Amino acid sequence: MKQEYFTLKDILRKMREQDAESRALIERAWEFGQKVHAGQTRLSGEPYFESHLATTAYYLADIGMDAASIAAGLLHDTLEDTQTTPEELEKELNAEVRFIVEGVTKLGKLKYRGLERHVESMRKLLVATAEDIRVIIVKMYDRLHNMETNNFHEPERQQRKALETMEVYVPIAERLGMGKIKSDLEDLCFKTLEPETYKETEKILIQKRSELEDRLEEEVKDLKKGLGENGIRAFRTETRVKGVYSFAKKLERKNGEIALVYDLFALRIIVKNIEDCYRILGVIHSVWRPIPGRIKDYIAFPKPNGYRSLHTSVLTRHGITVEAQIRTEEMHQESQYGIASHFGYKTANSTSAVVPIEWVRRFFPNLIKTGVTKTGEAPRWMKDLTEAQRDLPGFKTLDQAFKEDFFAKRMFVFTPKGDVIDLPVGATAVDFAYAIHSSIGHKMSGVKINGRMASFETPLENGNFVEILTKKQGTPNKKWIQHAKTANAKRHIRNAHRETKKSK
Ligand code: MN
C-alpha cells in the first residue's frame with residue numbers, strides 16, 4: 001500500500017503567513033530536516049521525516065500557527081535524533097526556531113511514571129518548563145501524531161503512552177481551551193485503554209448518526225428559513241457529533257440513558273457578531289421547543305478556560321434533541337484551537353484580548369514578569385494577554401502576580417530517571433530524598449546535583465537533576481533536620497531518632 005504524506009507544498013498552502021520570508025523559512029526547514037533525518041524510519045517502516053515530522057508541521061499550519069512554530073514542527077526531533085547542534089539549528093534557521101525546538105526537546109526528557117502525586121506536578125512542570133507557549137503547542141501536535149500511530153508499539157508501551165496522554169496532555173489541552181485536539185486525544189487514548197467500551201460506544205454513535213443525520217438536515221433547513229424570515233442571513237452552520245470518549249462519559253453519568261444525552265448532536269451556528277448570537281437564540285426558541293433549564297450563556301459568563309458560546313438544547317419538530325451552540329467566528333476558532341487561535345485569527349475589532357486566560361499568569365510567572373522570552377522579544381500572544389489583564393477586575397501588577405504565584409513557592413527537581421519531585425523553594429537534598437521514600441532518606445550517604453557531588457545543605461534549584469547515594473547500613477543524622485525544609489523530612493528524621501533511642 002502506498003502511503004500518502006503531506007508535502008512541502010501542502011504545508012505552504014495551509015500556512016497563514018504567506019510572505020516571502022515565512023515561506024522561505026519553511027522551505028529551509030524542510031530541506032534541512034529532510035537532509036539530517038535521511039534514512040531514519042519509524043517503527044511502521046515509514047520514512048521518519050515524511051511521516052512524523054511533515055504531519056506534525058502540517059497540523060500546526062492547519063491551526064494557523066506562525067512560520068517559526070511550523071518550522072519547529074518539522075525539526076522538533078532534530079536535536080534528539082540527529083547530530084545537529086542547537087547552534088547549527090540557529091544558523092540554518094533562526095534563533096526563534098532553535099528556541100522552540102530546544103524547548104520541545106527539553107519537554108521530551110520528562111518522564112511520566114503514573115505516580116498519582118506526580119501527575120499534577122508533571123502537568124504544571126510541562127507548562128512551566130515551556131517558556132514559550134508555542135513549545136507546548138508543538139509538543140501537543142507531536143503527541144497527537146504519535147498517538148495516531150501508537151499501534152506499532154508494544155501493547156505495554158501503548159498503554160503507558162495513552163495513560164500519560166490522558167493524564168498530562170489532555171488536561172493541558174483543556175486548560176488551554178484547545179477543544180479539538182483535546183477531543184481527538186481523548187478518543188485515541190480511550191481506544192487504547194478501553195478497546196471494548198470504545199467499540200461499543202462507537203457503535204451506538206454510528207447507529208444514532210445514521211438514524212438521525214438526514215432528518216437533522218431537514219431540521220436545519222427549517223431553522224435557516226426561520227432565520228431568513230427574521231432578517232438574519234450572514235451565518236453558517238455546522239453539525240458536530242460528540243466524541244466517543246466524551247459520549248461514553250456522559251452516558252455513564254446518565255446511567256446509560258441515551259435519550260438524556262442532549263448534546264449528542266450539536267448544531268453550531270456561527271455568526272458575525274455577539275448581538276446576532278442573542279437574536280438567533282430567540283429565533284431558535286420560536287422554531288423549536290427549548291428544553292427547560294438547558295440555556296447556558298457562556299458569552300456573559302465564559303468558562304474558566306475562556307470558552308464562549310450560547311448553548312440551548314431544543315426538541316426539533318421531528319423530536320430530535322439537539323444542542324444549539326451559537327457563537328461568532330472568533331469564538332468558534334477559540335473553542336477549537338484555544339490559545340493557538342490567538343496566533344491566527346484576528347479581526348479589525350478583535351475581542352479575543354479580553355478572554356481572561358488566567359492560567360497564563362499562573363503558569364508563566366517569569367514570562368509575564370519580564371515580558372521577554374529567551375529570544376529577546378515578547379511574543380505577540382503574550383503581549384495581548386498581559387495587556388488584556390489590565391482591563392480585568394482584580395488586575396494585579398505583574399510583580400504582585402508573580403509573588404503570589406505558585407511557582408514562586410514551589411520548584412520541580414528530577415530523579416536520575418526523570419521522575420518529577422515537587423518541593424518548596426529552599427528545599428535541599430534531604431527533603432528530596434525523603435520525598436522519594438523514607439528508606440532512601442534514612443540511608444542517604446551522599447548527593448549529586450546535576451552530576452556533581454554536593455553537600456546535603458545545598459538548596460536545590462528548579463530543574464536540578466538530583467541523585468541520592470545510599471549506604472546499606474546508613475542511619476539518619478540528627479543534624480539533617482536543620483537542612484530540611486519540609487515537615488515530611490523532619491518528621492521522618494525525628495521519628496527515626498526516637499526509635500533508635502528506644503531500642504537502646
Ligand atoms: Mn516527535
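Reader: What spacing do the donors of the manganese ion follow along the chain?
Author: In this predicted model, the donors of the manganese ion follow the pattern H-x23-H-D-x64-D. Within that pattern, a pair links distant parts of the chain: His52 in helix α3 (residues 48-62) and Asp77 in the loop between α4 (67-75) and α5 (78-81), 25 residues apart. Helices here are DSSP runs of H or I with at least four residues, and strands are runs of E with at least two, numbered from the N terminus.

Reader: What makes His52 a donor of the manganese ion?
Author: A donor is an N, O or S atom within 2.8 Å of the metal (3.2 Å for Na, K and Ca). His52 (NE2), His76 (NE2), Asp77 (OD) and Asp142 (OD) coordinate the ion at 2.2 to 2.4 Å, so they meet the limit of 2.8 Å. Water is not among the atoms, so the site may look incomplete.

Reader: On what conventions do these values rest?
Author: Residues are numbered from 1 along each chain as its sequence is written, and side-chain values use heavy atoms, without hydrogens or water. Local features need pLDDT of at least 70 and side-chain atom pairs count only at pLDDT 80 or more, whereas totals for chains, interfaces and linings use all residues.

Reader: Why is Gly243 called buried?
Author: Buried means under 20% relative accessible area (exposed is over 50%, partly exposed in between; 1.4 Å probe, protein chains only). Gly243 has 16% and is therefore buried. This residue lies in the loop between β1 (235-241) and α13 (244-253). His52 and Asp77 are both buried as well.

Reader: Why are α12 and α14 called oblique to each other?
Author: Helix α12 (residues 195-229) and helix α14 (residues 274-287) pack at about 125°, with axes 10 Å apart. Angles under 35 degrees count as roughly parallel, over 145 as roughly antiparallel, 65 to 115 as roughly perpendicular and the rest as oblique. The pair is therefore oblique.

Reader: What makes β9 and β11 a pair?
Author: Pairing requires at least two DSSP bridges between two strands. Strand β9 (residues 444-449) and β11 share five, in the antiparallel sense, and Val447 stands opposite Ile468 in β11.

Methods
Axes are lines fitted to C-alpha atoms, for helices over the stretch in contact, and angles run from 0 to 180 degrees between N-to-C directions.
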